[in-house]
Amino acid sequence: MPTNQGPEFAEAEKKYYAAKTIEEKIAATEEMISTSKKHKGTETLLALLKTRLKKFKEGQEKARKTGKSTREVIKKEGFQVVLFGPPNTGKSSLLASLTNARPKISIHPFTTIKPEVGTLEYQGVKAQIIDLPSTGSPACDIGILNTADLVLILLTESKEYETIKPLLTRVQGEHKILLTKQDLLSEEAKRKLEATIKSKKIPALLISTYTGAGMEELKEYILQSMHICRIYLKEPGKPATTIPLVIPEGTTIKEAGEKIYKGFSAKIRETRISGPSSKFANQKVGLQHILKDKDIVEFHTN
Ligand SMILES: Nc1nc2c(ncn2[C@@H]2O[C@H](COP(=O)(O)OP(=O)(O)OP(=O)(O)O)[C@@H](O)[C@H]2O)c(=O)[nH]1
Ligand SMILES: [Mg+2]
């Protein structure tokens, strides 16, 4: 349901996102409540804001007693991707499509009330995906955006990007816009949207979890943004392993050897490579040779 909030609310919301202390968060939440429009469409939001306020006040009380921070933290595991955006844009649906997680999905806004976590497994590589409660939700703590490796901004309208942009100033990783629910657009509207994205150079991908449109491209994009190489080890006379050794881009043979175990590189007598970094199959290379994604590596040891 649309909430149609005015500029005062937007201002208060901005203050909330900028708030660093619990006191600032309480003040900003109180301001959001007082400046929010009050009608059927804002009922859920107001109820959530009031719950947030209550929680903050309780947290403040607890912190006062114990002297400790009570904030829940998500443990970062490997490459972390955060799904971020306004209510109802399909964040939880995307988490469910990409990972093993089964978050609650519903037609009502503000369904997700705490961050949901899943693991994407794609072409032998794993990434942690976090479905963050939507903007305007009490549980939307944007601090995680700053340390995430990749932020995916889910929108149903490209113009909403303007309101999201100010929240991304401290984001260190990459970010990309996902324009969701593409199945709802006519071919004509889709063509127009694609043209706008191109001419305005908006970093966006068009997806639909219903039809699967754009999903392969999205997974490929996530993989690219990880800046890693997958190498397949092979023993002489045997086929290569199917589970890759995942290494950062720019890794040398010596460094890859050390990844197998410490001291391994000293045992390498000869290395043979087939694949993207080799000029021909079974090429003999030195320890300083830089590997590329999908190389097959055969170590001959003493
Ligand atoms: N047509 C269409 N509907 C979708 C698509 N993906 C999700 N939806 C629907 O959109 C609604 C919201 O989906 P959610 O995944 O719960 O959205 P969300 O962004 O997690 O929402 P909140 O957690 O409430 O902020 C649900 O009714 C979904 O079934 C899509 O690709 N196409
Ligand atoms: Mg959700």
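Okay, one thing before we start: when I say "domain", the bounds come from an automatic or database domain assignment. What we're looking at is a predicted model, where local features need pLDDT of at least 70 and side-chain atom pairs count only at pLDDT 80 or more, while totals for chains, interfaces and linings use all residues. Residues are numbered from 1 along each chain as its sequence is written, and chains are lettered from A and ligands numbered from 1 in the order in which they are written.

So, how is the chain divided? Into domain 1 (7–66), domain 2 (80–225) and domain 3 (228–301). The C-alpha centres of domain 2 and domain 3 lie 35 Å apart.

Now the ligand. Ligand 1 has 22 residues around it, and the closest are G90, S92, S93, T112 and S134. A residue counts as near if its C-beta atom, placed from the backbone, lies within 6 Å. That shell has 12 polar, 7 nonpolar and 3 charged residues. Here Ala, Val, Leu, Ile, Met, Phe, Trp, Tyr, Cys and Pro are nonpolar, Asp, Glu, Lys and Arg are charged, and the others, Gly among them, are polar.

Next, some backbone angles. N88 isn't a glycine, yet its phi is positive, about 70°. You'll find N88 in the loop between β1 (80–84) and α4 (91–98); helices (H or I, at least four residues) and strands (E, at least two) are DSSP runs, numbered from the N terminus.

H227 isn't a glycine either, and its phi is positive at about 50°. H227 sits in the loop between α8 (215–225) and β7 (228–234).

That's my tour, thanks!
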